[in-house]
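Keep the structure open while reading.

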Amino acid sequence: MNRKYTKMKALYQAIRDAIQEGNLVHGEKLPSTRELAATYHISRGTVNQVYDTLTAQGYIHSEHGRGTFVAYQLDLSNDASTVKTCTHHLSAWGNRIQQFEQQATQRNTQTIAQTSDPKIESGEAVIDFSKYQPDFSKFPYDEWNNRLYAEIRHREHHMKSNSAVSSTGDPKLREAIAAYLRRMRGIQVDADHIAVTAGSMQAIALLTQLLADPGDYVVTESPCYVGISKAILAAGARLIEANLDGQGVVPQNWDARMLFVTPSRQFPTGEMLSLERRQTLLDWAHRQDAMIVEDDYDSEFRYRGMHVEPLKTLDKAGRVIYLGSFTKTLPFEVRLGYVVLPSALADTFRKAQALYEPRPVNLIEQRALAAFMTSGQYERHLRRMNRLYSRKFHLLLKLLNQQLSTWFDWVENEAGLHVFGWWRGDASTYELFRASARSEGVVYSEVSSSTPDGMKYGIYLSFAHLSDVQLQGGVSKLKNAVTAPL
């Protein structure tokens with residue numbers, strides 16, 4: 001770096017800081033350029049440039065024949081000891097978001113304090129069933145990368161064509177999704193009614209904002225995916241938590257605007273909604289003039305029998321909004337989902353999506369995925385993963401039934417990437433098990449539900465990312481945890 005520039009910058013910062021901190025006060029006379037140059041062994045030209053800069057910024061001023069003086073007047077009201085802390089006015093929505101963060105921090109702090117264990121903190125020999133993470137060891141990266149590279153090479157062509165792409169996504173991908181849904185899920189849909197989103201959570205939040213006013217009631221399953229309840233509360237709406245039984249959500253005559261439901265495989269219990277109840281929900285939506293949001297979060301993976309058709313296939317009146325996602329089947333960096341919209345809502349959703357994302361998200365990945373799907377590679381990938389996950393699923397379920405069925409009621413379900421079980425004991429024994437599991441070095445996800453008999457606990461174990469040895473070791477740790485304190 002130029003030494004002259006370095007000295008000039010150092011002198012400038014020293015004088016400016018002295019003025020700002022009150023060491024050089026308003027009206028105080030500064031040394032002449034000749035005196036400063038001699039003191040610091042620099043040229044008068046360098047000092048002149050520093051004074052010129054400080055003068056231009058209003059820190060100092062010169063009076064002909066008298067010298068150079070401090071012009072900056074320190075505002076004592078901004079002193080750190082007396083200044084009033086600046087606060088920003090948040091909207092009601094902003095305050096609700098802030099509360100979510102505070103509540104999550106408090107829960108995490110309490111959990112760490114109650115169950116802290118050196119083995120977990122060090123990561124030593126930990127079996128983590130809480131990661132909802134696919135196994136990408138068999139992902140066809142060569143084919144996928146070839147599709148990506150091809151789209152990158154064609155990027156300049158797309159830019160020159162100047163063809164505006166709707167915020168709802170690449171048209172070829174929406175066509176590919178429509179074809180996939182017609183063939184694999186039985187949903188008769190036109191590509192114009194599909195919007196590609198940055199994962200399903202974006203669609204959940206947008207739909208809640210579009211369909212629920214502050215104070216409106218929105219129904220969720222209990223328990224449910226926490227992101228759904230957060231989106232509802234952030235919009236200012238109020239929750240109705242619907243009970244579950246062995247057939248999924250129990251329909252009621254709710255006075256509500258929306259219902260979020262996971263009928264093919266309830267999250268997290270895995271229960272399937274019966275046909276009779278599906279028809280009851282559609283009848284409720286018609287009578288209530290309400291909308292049903294169907295989250296089909298991991299329907300791609302089924303290990304026995306035919307795929308269960310979505311609730312959307314029974315919808316003749318445009319009451320069901322269907323959500324799907326690629327987050328369980330594609331690499332993490334490709335965060336894409338989609339929503340199938342009734343014709344009456346499609347244009348409104350497009351405008352709302354354009355407010356947040358005027359251009360489509362991950363457009364190169366969208367185009368690569370369109371080619372990946374139309375070539376048949378995506379469905380071949382799903383078949384490979386289905387075979388791999390089927391083996392892991394049945395191994396885990398066998399181990400759980402053999403070693404832990406005394407303490408857990410495991411929900412039988414031949415689909416998805418996790419296994420769910422309700423704790424058979426009471427809250428106090430469950431808390432002992434939770435602490436013991438942590439000390440054993442095993443991590444899992446849990447839910448709780450309030451019942452007339454007290455709090456009911458359940459755990460769910462994600463298995464896709466774990467090896468056979470890890471699954472065996474994890475169940476063994478859980479068995480040690482459940483037998484040690486009980």
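Which residues of the largest nonpolar core touch the most other members? They are Phe129, Leu181 and Phe433, in a core of 65 residues. This is a predicted model, and every value below is computed from it.

**Cores**

Helix H14 supplies the largest share of this core, with 11 residues. Phenylalanine 129 touches residues well along the chain from itself, among them Leu396, Val442, Val443 and Tyr444. Its contacts also include Tyr460, Leu461, Ser462, Leu466 and Leu471. Gly474, Val475 and Leu478 are on the list too, which leaves out residues up to four places away in sequence.

A second core is separate and has 24 residues, including Ala195, Ile204, Ala231 and Phe349. In soluble globular proteins, nonpolar side chains tend to be buried together.

**Salt bridges**

The whole structure holds 18 salt bridges. Three of them are set out here.

| Aspartate 135 | Lysine 392 | 2.9 Å |

Take the pair of aspartate 135 and lysine 392, whose closest N and O atoms are 2.9 Å apart. Aspartate 135 sits in the loop between strand E4 (127–128) and helix H6 (141–153), while lysine 392 is in helix H14 (residues 377–403), so the bridge ties together parts that are 257 residues apart in sequence. Both aspartate 135 and lysine 392 are buried.

Glutamate 446 belongs to strand E17 (residues 445–451) and arginine 434 to helix H15 (residues 427–440), 12 residues apart. Are these two partners buried or exposed? Glutamate 446 is partly exposed, because its relative accessibility is 33%. Arginine 434 has a relative accessible area of 18%, so arginine 434 counts as buried.

Salt bridges also form a network that links Asp347, Arg350 and Lys351.

Which residues of helix H2 (residues 33–40) are buried? Thr33, Leu36 and Ala37 are. Viewed down the axis of H2, the buried residues fall within an arc of 100 degrees, so they line one face of the helix. An α-helix has 3.6 residues a turn, so residues three or four places apart point the same way. Arg34, Ala38 and Thr39 are exposed on the other side of H2.

Helix H9 (residues 200–211) contains serine 200. At 16% relative accessibility, serine 200 is buried, because the cut-off is under 20%. What does serine 200 contact beyond its neighbours within four places in sequence? Leu323, Gly324, Ser325 and Gly337.

**Parallel strands**

Five bridges pair strand E6 (residues 217–221) with strand E7 (residues 238–242) in the parallel sense. Valine 219 faces isoleucine 240 of E7 in this pairing. Between E6 and E7 the chain passes through helix H10 (residues 226–234), in a right-handed β-α-β crossover.

E6 also pairs with E10, again in the parallel sense, over two bridges. Here valine 218 stands opposite methionine 258 of E10.

Strand E10 (residues 258–261) sends Met258 and Phe260 one way and Leu259 and Val261 the other way. All four of these residues are buried. In a regular strand the side chains alternate between the two faces of the sheet.

E10 in turn pairs in the parallel sense with strand E11 (residues 291–295), over four bridges. Valine 261 has glutamate 294 as its bridge partner in E11. Together with helix H11 (residues 275–288), E10 and E11 make a right-handed β-α-β unit.

E2 and strand E3 (residues 67–70) run antiparallel and are joined by four bridges. Serine 62 has threonine 68 as its bridge partner in E3.

How values were computed. Residues are numbered from 1 along each chain as its sequence is written. This is a predicted model: local features need pLDDT of at least 70, side-chain atom pairs count only at pLDDT 80 or more; totals for chains, interfaces and linings use all residues. Side-chain values use heavy atoms; hydrogens and water are left out. A salt bridge is a side-chain nitrogen of Lys or Arg within 4 Å of a carboxyl oxygen of Asp or Glu. Buried means under 20% relative accessible area, exposed over 50%, partly exposed in between (1.4 Å probe, protein chains only). The arc is that of the directions from the helix axis to the C-beta atoms. Contact means heavy atoms within 4.5 Å. Two strands pair if DSSP finds at least two bridges between them. A crossover is right-handed if, with the strands pointing away from the viewer, the path from the first strand over the helix to the second runs clockwise. A nonpolar core is a set of buried Ala, Val, Leu, Ile, Met, Phe, Trp, Tyr and Cys residues joined through side-chain atoms within 4.5 Å.
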